[in-house]
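Student: Could you take me through one part of this model in detail? I'd like to see how the inside is put together.

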Amino acid sequence: MAAAVEKNKSSKKNINKYLINAFVMILVTAIAVVFILKDDPAEVFGYLAGSKISYILIALGIILLYYMVEGLILMVLARMYKRNYPYYKGFFNCMIGTFFSGITPSNSGGQFVQAYTFSKQGVRVSNAASILLMHFIVHQVVSVLFSAFVLIFKFEELRAYTQTIDIFGFKFEILSLSVIGFSINAIIIFGLFFAAFSKRLHHFITTTGVNIMYKLHLTKDKDQKALELSTKFETFRIELKRLFQNAQILIVTVILFLIKMVLYNLVPYFIGLALGAGFHSTNDINNIIDCVSMSLFSTTITSMVPIPGASGGAELAFKMLFENLFVASGNKINAIILVWRAITYYFGLILGLIIFVTYREAPKKEYLHGNSKTLLQLRVVTLEDEKKTLEMIEEEEYEEVLTPEMIEERFRKLKEELSSKLKENETSIIEEDKD
């Protein structure tokens with residue numbers, strides 16, 4: 001009885017969390033829209049009414065194709081474990097993840113719910129965790145390399161279209177924020193690479209690094225943080241090896257991620273055409289490349305905004321980056337921002353919500369019993385019951401091929417907590433249904 005009461009409290013707490021996130025997102029979005037419309041709302045709506053529907057439909061088609069490619073990526077990775085995993089399940093999983101990522105700060109809620117969805121679709125929990133971590137690895141690597149390419153070849157050219165920001169007397173270029181965002185992503189992915197394959201760095205981070213964090217009050221439990229980091233490095237190394245051992249799948253997913261990034265960042269170009277914005281160049285190819293590059297800079301900047309959907313920050317960054325790239329009046333740029341945000345964010349949010357509500361294999365009640373931890377954090381074996389540290393699994397030579405048995409044994413321990421949570425959730429749901 002006490003357990004059921006505790007579950008209900010946990011469920012209500014998580015419902016409140018999602019409601020608060022949704023409220024913050026709506027409030028900040030409303031403020032951003034008011035800011036966009038404050039000069040001349042009639043003129044902005046006039047531009048919207050006069051937009052070319054054909055280009056709007058093309059932009060919608062591109063963003064839908066973007067989600068379809070993401071579903072294909074999930075299908076390709078899932079078929080490493082479940083050979084008959086169909087495409088539509090990958091697409092539905094993608095849209096459910098899109099919805100929960102969109103209503104949680106820094107897109108933190110999507111992976112946890114996707115793990116549940118995979119389990120409802122017949123994929124083992126340990127395999128679902130593996131799929132999502134491989135997805136994270138390839139996404140981060142492709143994102144960093146693609147961003148590096150754009151920064152090298154387009155940064156100096158496109159900075160001429162941006163203005164200097166003055167905040168409390170401190171002046172800096174808005175485009176420089178994209179360099180900061182890129183640097184953060186690069187440090188994360190390469191830090192994981194080195195820590196996963198270097199015993200010395202791994203030991204330094206989980207001992208000296210954690211001690212520094214503890215002294216700076218960045219963590220309350222040194223043992224728990226060390227365990228969490230060790231588990232992340234270990235699972236990262238296992239999945240990276242698995243990807244290299246499946247070269248064809250790695251190549252296919254890299255190509256699909258590149259296509260995804262181009263598609264998403266191509267949307268502003270067609271929205272500009274729909275609203276009648278001009279370009280500085282008469283060469284359509286150059287204009288497309290400039291729009292894709294500037295959109296990538298905008299995405300990199302907004303990734304640092306810790307608000308659901310990066311609301312407010314996304315609109316501001318887009319305006320400051322595109323207002324001189326497009327040859328258009330201020331209110332026409334504002335109209336472009338509204339359409340761009342509706343297509344790239346709210347369209348996916350609404351479609352994801354519809355699928356979440358109607359899809360029979362979507363996690364219904366059980367997602368409410370989850371918590372805000374990311375999938376990687378859920379792999380950590382907690383120290384609540386047994387105050388002991390997880391011993392590091394002995395380092396192997398990189399050339400060693402991991403057998404399915406070795407992989408399964410490693411993940412058996414690392415996924416123990418997540419599996420037990422799922423069982424507890426299922427039990428509580430059955431009890432609730434009986435009541």
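Student: Which residues have the most contacts inside the largest nonpolar core, and how many residues does that core have?

Tutor: Quick ground rules: this is a predicted model, where local features need pLDDT of at least 70, side-chain atom pairs count only at pLDDT 80 or more, and totals for chains, interfaces and linings use all residues. Residues are numbered from 1 along each chain as its sequence is written, and side-chain values use heavy atoms, leaving out hydrogens and water.

Now the core: it has 100 residues, and Phe118, Ile271, Met294 and Phe297 have the most contacts inside it. A nonpolar core here is a set of buried Ala, Val, Leu, Ile, Met, Phe, Trp, Tyr and Cys residues joined through side-chain atoms within 4.5 Å; buried means under 20% relative accessible area, with a 1.4 Å probe and protein chains only. Helix α6 (residues 125–158) gives the most to this core, 15 residues; helices are DSSP runs of H or I, at least four residues, numbered from the N terminus.

α6 also packs against α9, at about 80° with the axes 9 Å apart; axes are lines fitted to C-alpha atoms over the stretch in contact, and angles run from 0 to 180 degrees between N-to-C directions. The two helices are therefore roughly perpendicular, a label covering 65 to 115 degrees. On the α6 side, Ser130, Leu133, Met134, Ile137 and Val138 make the contact (heavy atoms within 4.5 Å), meeting Thr235, Phe236, Glu239, Leu240, Arg242 and Leu243 of α9.

Staying in α9 (residues 222–245), you'll find serine 230. Serine 230 counts as buried because its relative accessibility is 11%.

Terms used. Buried < 20%, exposed > 50% of the residue type's maximum accessible area, 1.4 Å probe, protein only. Parallel < 35°, antiparallel > 145°, perpendicular 65-115°, else oblique.
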